[in-house]
Amino acid sequence: MPKLKTKSGSKKRFKKTANGYIKKKHAFKNHLLTKKSKKRKRKLSTFSLLKKSDKKNIKKQF
């Protein structure tokens, strides 16, 4: 069996960490930012780790 290609959509959205976790960016940080508070925008700009339930599905795409 040949190796499977990485899904290009997941390649753009997720990054693997050294310990095997998967990082993702938060949604809702692209437009309509004037009505959102500074605190909310600051929290959305940080990376977060993927939930355990989603991890299995996303790992297949790498």
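Trainee: Which side chain makes a polar contact with the side chain of Ser10?

Mentor: A polar contact is a pair of N or O atoms within 3.5 Å; within protein, one must be able to donate a hydrogen and the other to accept it, and residues adjacent in sequence count only if both atoms are side-chain atoms. Here the distance is 3.5 Å. The partner of the Ser10 side chain is the side chain of Gln61.

Trainee: What kind of model is this, and how are its residues numbered?

Mentor: This is a predicted model, where local features need pLDDT of at least 70 and side-chain atom pairs count only at pLDDT 80 or more, while totals for chains, interfaces and linings use all residues. Side-chain values use heavy atoms, leaving out hydrogens and water, and residues are numbered along each chain as its sequence is written, from 1.

Trainee: Which backbone oxygen does the side chain of Ser10 reach?

Mentor: First place the residue: Ser10 sits in helix H1. Helices (H or I, at least four residues) and strands (E, at least two) are DSSP runs, numbered from the N terminus. The Ser10 side chain comes to 3.0 Å from the backbone oxygen of Lys7.

Trainee: Is Ser10 buried or exposed?

Mentor: Buried means under 20% relative accessible area, exposed over 50%, and partly exposed in between (1.4 Å probe, protein chains only). Ser10 has 3%, so it counts as buried.

Trainee: Which residues gather in a patch of positive charge on the surface?

Mentor: A patch takes residues with over 30% relative accessible area and no salt bridge, joining like charges within 9 Å and nonpolar side chains (Val, Leu, Ile, Met, Phe, Trp, Tyr) within 5 Å. A salt bridge is a side-chain nitrogen of Lys or Arg within 4 Å of a carboxyl oxygen of Asp or Glu. Lys and Arg count as positive. The members of this patch are Lys5, Lys11, Lys12 and Arg13.

Trainee: Why does Lys11 count as partly exposed?

Mentor: Lys11 belongs to helix H1, residues 8–13. Lys11 is called partly exposed because its relative accessibility is 49%.

Trainee: What is the relative accessibility of Leu32?

Mentor: Leu32 lies in the loop between S2 and H2. Leu32 counts as exposed because its relative accessibility is 51%.

Trainee: How far apart in space are Ile58 and Arg13?

Mentor: Ile58 is in helix H3, residues 52–59. Ile58 is buried, at 12%. In sequence, 45 residues separate Ile58 and Arg13. In space, C-alpha to C-alpha, they are apart by 10 Å.

Trainee: What separates the C-alpha atoms of Arg40 and Gly20?

Mentor: Arg40 is in helix H2, partly exposed at 46%. Arg40 and Gly20 are 20 residues apart along the chain. Their C-alpha separation is 28 Å.

Trainee: What separates the C-alpha atoms of Lys24 and Ser53?

Mentor: Lys24 lies in strand S2 and is partly exposed at 24%. Along the chain, Lys24 and Ser53 are 29 residues apart. Their C-alpha separation is 14 Å.

Notes
Accessible areas come from the Shrake-Rupley method with a 1.4 Å probe; for residues, only the protein chains shown count as cover. The place of a charge is taken as NZ of Lys, CZ of Arg, CG of Asp or CD of Glu.
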